[in-house]
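Please open the model in a viewer and keep the selection panel at hand.

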Amino acid sequence: MLAIIGGSGLTQLANLAVERREVVRTPYGEPSGTLTFGRLCDQPAVFIARHGYGHTIPPHEVNYRANVWALKQAGATSIVSVASVGGIRGDLGPGTLLVPHQIIDYTWGRKCTYHEGCDAQVVHIDFTQPYDPELRQMLLEAARDAGQAVMDGGIYAATQGPRLETAAEIDRLERDGADIVGMTGMPEAALARELELPYAAITVVANHAAGRGDSRLGIQFARLEDVLRESMERVRRIIEMICIEPR
Ligand code: HPA
């Protein structure tokens with residue numbers, strides 16, 4: 001079963017034919033909200049809103065462990081994450097959709113593994129390719145089928161938030177090779193890997209990152225909502241086309 005984790009601007013999936021909602025508890029605490037079960041493209045699917053349905057949970061307080069655990073427990077076999085980001089590279093302006101292929105993790109202090117506690121084994125997962133290549137291809141194909149332009153590949157810098165970055169921090173991320181910046185990519189991707197759930201993301205550029213393009217002197221919050229509303233509609237169309245049953 002395909003799981004979708006919706007980010008800012010995607011607190012529900014209009015195209016999900018809802019069958020039931022379920023409150024799930026996990027050994028790691030409460031997920032961000034109820035799981036919504038339904039059908040997408042006539043296949044079972046489950047949806048959770050990463051920041052809660054009322055968008056009340058900031059990125060550093062999301063219980064990523066509970067969310068990913070709950071999806072696995074509910075029968076998910078792969079996860080597609082939807083997330084808004086800032087564009088670092090000049091050509092990644094507001095409204096661009098991009099399926100990243102790499103992550104750099106700048107977050108700190110988040111619960112980032114299931115393998116901790118006094119009697120837990122030390123576990124090191126392979127994370128060379130943080131996003132599942134096959135699921136990425138499925139997303140790119142779905143975008144093609146939906147007639148939506150999506151960029152293939154990019155390096156996602158995961159920052160701590162909730163504040164946005166300084167211009168100098170964005171310069172540093174660029175020197176590190178990052179193309180986009182967001183606050184929720186980690187530890188979500190690593191936790192999915194720990195639970196052996198193929199994971200890929202579709203990101204929506206909401207704004208030029210701090211100090212870039214029309215964010216040169218500051219980020220224009222007033223425009224973000226309009227960009228996200230339009231772009232998430234495109235993301236919904238893409239998700240509707242993910243018709244092949246993932247592993
Ligand atoms: N920085 C970090 N996260 C974001 C941004 C940004 O500029 N835009 C949307 N999410």
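Select strand 11 (199-208) and helix 5 (221-240): each of these two elements supplies at least two residues of the lining of the largest cavity. Helices (H or I, at least four residues) and strands (E, at least two) are DSSP runs, numbered from the N terminus. A cavity is a set of points, on a 1 Å grid over the protein atoms alone, where a 1.4 Å probe fits but cannot get out; lining residues have an atom within 4 Å of a point. The model is predicted: local features need pLDDT of at least 70, side-chain atom pairs count only at pLDDT 80 or more, and totals for chains, interfaces and linings use all residues. Residues are numbered from 1 along each chain as its sequence is written, and side-chain values use heavy atoms, with hydrogens and water left out.

To display the whole lining of the largest cavity, select Pro94, Ala206, Asn207, His208, Asp214, Ser215, Gln220, Arg223, Leu224 and Val227. By class, this lining divides into 4 nonpolar, 4 polar and 2 charged residues. Here Ala, Val, Leu, Ile, Met, Phe, Trp, Tyr, Cys and Pro count as nonpolar, Asp, Glu, Lys and Arg as charged, and the others, Gly among them, as polar. The volume of the largest cavity is about 80 Å³, and the structure holds 3 cavities of 30 Å³ or more. For such volumes, grid points are joined across faces, edges and corners, and the volume is the space filled by probe spheres set on the points.

Keep helix 5 selected and turn to the largest pocket, to whose lining helix 5 gives the largest share, 7 residues. A pocket is an open set of grid points with protein on both sides within 12 Å along at least five of seven lines. Strand 5, strand 10, strand 11 and helix 5 each supply at least two residues of this lining. The largest pocket contains about 690 Å³ of space. Of its 28 lining residues, Ser8, His55, Ser84, Leu224 and Leu228 are the closest to its centre. The lining comprises 13 nonpolar, 10 polar and 5 charged residues.

Which residues surround the ligand? They are Ser84, Val85, Gly86, Leu164, Glu165, Val181, Gly182, Met183 and Asn207, where a residue is near a molecule if one of its heavy atoms lies within 4 Å of it. Strand 5 (78-87) and strand 10 (180-182) each supply at least two residues of this shell, and the largest share, 3 residues, comes from strand 5.

A polar side-chain atom of Glu165 is 2.8 Å from a nitrogen atom of the ligand. A backbone N or O atom of Gly86 lies 3.3 Å from a ligand nitrogen atom, and a polar backbone atom of Ser84 lies 3.4 Å from a nitrogen atom of the ligand.

From Glu165, move to the second largest pocket, lined by Tyr106, Trp108, Thr159, Gln160, Gly161, Arg163, Leu164, Glu165, Glu169, Arg172 and Leu173. Its volume is about 200 Å³.

Finally, inspect two peptide bonds. Gly161 and Pro162 are joined by a cis peptide bond with omega of about -5 degrees; Pro162 is in the loop between strand 9 (155-158) and helix 3 (167-176). The bond from Met186 to Pro187 is also cis, with omega near 10 degrees, and Pro187 lies in the loop between strand 10 and helix 4 (188-194).

How values were computed: A polar contact is a pair of N or O atoms within 3.5 Å; within protein, one must be able to donate a hydrogen and the other to accept it, and residues adjacent in sequence count only if both atoms are side-chain atoms.
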